[in-house]
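Please look at the structure shown below and keep it in view while reading. The paragraphs that follow lead from one part of the chain to the next.

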Amino acid sequence: MGYVRTAGMSTVARRARRRAALVITGLLLALAVALLLSVATVQGWFGLGQGEGEDAAATTASAVPPPALTPAQVTVDVLNGTSTSGLAGRTAEALRTRGFDVGSVDNADGVEGVGIVRHGPEGQEAAELLETTVGQDLELVLEPEREGSEIILVLGPGWTELPTADDAVSTDGR
């Protein structure tokens with residue numbers, strides 16, 4: 001035999017084994033670096049695609065819409081435009097139980113249909129909230145000269161009385 005074996009392994013086999021170990025080590029290192037970069041990006045240690053001087057918190061804060069108007073922020077004057085006695089008072093009480101701030105309760109000249117909501121430019125959102133809360137097809141009337149966000153609900157002959165919030169809960173069986 002013309003060659004000598006050392007430690008029971010040929011030189012070619014040792015080189016192949018060493019090469020395989022280096023390749024596997026390199027792949028594991030590349031995987032660890034990719035994992036570290038992805039964790040760093042998710043944690044916000046650095047960002048990709050943000051402009052210079054742009055604050056990530058300021059960007060996300062401006063994307064959130066302002067909170068919606070709540071019934072407690074809406075003042076409603078309730079007027080009875082029908083011949084039904086006490087309708088405005090009962091409606092005012094039902095609106096109070098739903099969280100609205102009720103101003104004056106009075107009578108008004110007759111109107112047609114379910115009713116109308118008179119509002120100024122600042123009261124548009126309040127008028128829409130009232131209409132969706134009562135669940136009736138009210139006519140929204142913009143009065144540009146009216147200042148502030150106070151709205152006026154004038155009840156018409158098509159108005160369906162609102163149950164108070166307590167009555168509504170008990171009739172649902174909850």
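Predicted model: local features only at pLDDT ≥ 70, side-chain atom pairs only at ≥ 80, totals over all residues.

R118 is partly exposed, because its relative accessible area is 26%; the terms used here are buried for under 20% relative accessible area, exposed for over 50%, and partly exposed for values in between, with a 1.4 Å probe and protein chains only. Residues are numbered from 1 along each chain as its sequence is written, and side-chain values use heavy atoms, with hydrogens and water left out.

R118 forms a salt bridge with E143, and the closest N and O atoms are 3.5 Å apart. A salt bridge is a side-chain nitrogen of Lys or Arg within 4 Å of a carboxyl oxygen of Asp or Glu. R118 lies in strand 3 (residues 115–119) and E143 in the loop between strand 4 and strand 5, so the pair ties together parts that are 25 residues apart in sequence. Helices (H or I, at least four residues) and strands (E, at least two) are DSSP runs, numbered from the N terminus. E143 counts as buried because its relative accessible area is 16%. E143 also forms a salt bridge with R146, where the closest N and O atoms are 2.7 Å apart. R146 has 25% relative accessibility and therefore counts as partly exposed.

How many salt bridges does the structure hold? There are four. One of them joins E161 to R90, with 2.7 Å between the closest N and O atoms. This pair links distant parts of the chain, 71 residues apart: E161 is in the loop between strand 5 and helix 5 (165–172), and R90 is in helix 3. E161 is partly exposed because its relative accessibility is 40%, and R90 is partly exposed because its value is 35%.

The strands may now be considered together. Strands of a sheet pair through backbone hydrogen bonds, either parallel or antiparallel. Here, five strands form an open sheet in the order 2-1-5-3-4, with mixed pairing; two strands pair if DSSP finds at least two bridges between them. Strand 2 and strand 4 (139–142) are the edge strands, each pairing on one side only. From one strand to the next, the twist averages 20°; axes are lines fitted to C-alpha atoms, for helices over the stretch in contact, and angles run from 0 to 180 degrees between N-to-C directions.

Strand 1 (residues 75–80) and strand 2 (residues 101–107) run parallel and are joined by five bridges. The chain passes from strand 1 through helix 3 to strand 2, making a right-handed β-α-β crossover. Right-handed means that, with the strands pointing away from the viewer, the path from the first strand over the helix to the second runs clockwise. Across the pair of strands, V78 stands opposite V105 in strand 2, and L79 has D106 in strand 2 as its bridge partner.

Helix 3 lies across strand 1, strand 2 and strand 5 (151–155), running at about 155° to strand 1. Not counting residues up to four places away in sequence, T91 touches V78, L153, L155, W159 and L162, where contact means heavy atoms within 4.5 Å. V102 lies in strand 2 and, at 11% relative accessibility, therefore counts as buried. Leaving aside neighbours within four places in sequence, V102 is in contact with V76, V78, A92, L95 and R96.

The last topic is the nonpolar interior. A nonpolar core is a set of buried Ala, Val, Leu, Ile, Met, Phe, Trp, Tyr and Cys residues joined through side-chain atoms within 4.5 Å. The largest such core has 22 residues, of which V76, V78, L95, L130, I151, L153 and W159 touch the most other members. Strand 1, helix 3, helix 4 (124–134) and strand 5 are the elements that give two or more residues to this core. Apart from this core lies another, of five residues, among them L79, V111, I116 and I152.
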